[in-house]
Amino acid sequence: MAGIGGGVDKGFEDPMSRTEAAKILGISASADKDTVAKVHRKLMILNHPDRGGSPYLASKVNEAKDVLSGKMRSNPFR
């Protein structure tokens, strides 16, 4: 099945790559930590579960921030 932009729908990578993290945040994979933090904050304000956003999407935004800022956490659900 074709995804957005003609790609193939396959879900998220496990573990998340820097390229995927950058796509989620809409920035370059080489963005500096300040840019990552600013974009993360903006997306979390818009998508926070306490404000009606998806907990799953919020977790992916958080994971993307961790990957790009070098703070990759292990998944407690594995």
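Colleague: Which residues in helix 1 are buried?
Modeller: The model is predicted: local features need pLDDT of at least 70, side-chain atom pairs count only at pLDDT 80 or more, and totals for chains, interfaces and linings use all residues. Residues are numbered from 1 along each chain as its sequence is written, and side-chain values use heavy atoms, without hydrogens and water. Buried means under 20% relative accessible area, exposed over 50%, and partly exposed in between, with a 1.4 Å probe and protein chains only. By that cut-off, the buried residues in helix 1 are Glu20, Ala21, Ala22 and Leu25.

Colleague: What pattern does the protein chain follow along the sequence?
Modeller: Helices (H or I, at least four residues) and strands (E, at least two) are DSSP runs, numbered from the N terminus. The protein chain has three helices and zero strands. Read along the sequence, the pattern is α-α-α.

Colleague: Which helices are included in what covers the buried residues of helix 1?
Modeller: Cover is judged by contact, meaning heavy atoms within 4.5 Å. For the buried residues of helix 1, the cover includes helix 2 and helix 3.

Colleague: Are helix 2 and helix 3 roughly parallel or roughly antiparallel?
Modeller: Axes are lines fitted to C-alpha atoms, for helices over the stretch in contact, with angles from 0 to 180 degrees between N-to-C directions. The axes of helix 2 (residues 33-47) and helix 3 (residues 55-68) come within 10 Å and cross at roughly 175°. Angles under 35 degrees count as roughly parallel, over 145 as roughly antiparallel, 65 to 115 as roughly perpendicular, and the rest as oblique. The pair is therefore roughly antiparallel.

Colleague: Which residues in helix 3 are met by Val36, His40, Leu43, Met44 and Asn47?
Modeller: Those five belong to helix 2. Their partners in helix 3 are Ala58, Val61, Asn62, Lys65 and Leu68.

Colleague: Is His40 buried or exposed?
Modeller: His40 sits in helix 2. Leaving aside neighbours within four places in sequence, His40 contacts Val61, Asn62 and Lys65. The C-alpha atoms of His40 and Val61 are 6.8 Å apart, across 21 residues of sequence. At 13% relative accessibility, His40 counts as buried.

Colleague: Which residues are in contact with Ile27, leaving aside neighbours within four places in sequence?
Modeller: Ile27 is among the core residues with the most contacts. Its contacts beyond those neighbours are Ala22, Thr35, Val36, Val39 and Leu68.

Colleague: What is the relative accessible area of Ile24?
Modeller: Ile24 lies in helix 1. Leaving aside neighbours within four places, Ile24 contacts Phe12, Met16, Leu43, Lys60, Val61 and Ala64. From Ile24 to Lys60, 36 residues along the chain, the C-alpha separation is 7.8 Å. Ile24 is still partly exposed, and its relative accessible area is 24%.

Colleague: What relative accessible area does Glu63 have?
Modeller: Glu63 is in helix 3. Not counting residues up to four places away in sequence, Glu63 touches Met16 and Met72. Glu63 is buried, with a relative accessible area of 16%.

Terms used
Core = buried A, V, L, I, M, F, W, Y, C linked by side-chain atoms within 4.5 Å.
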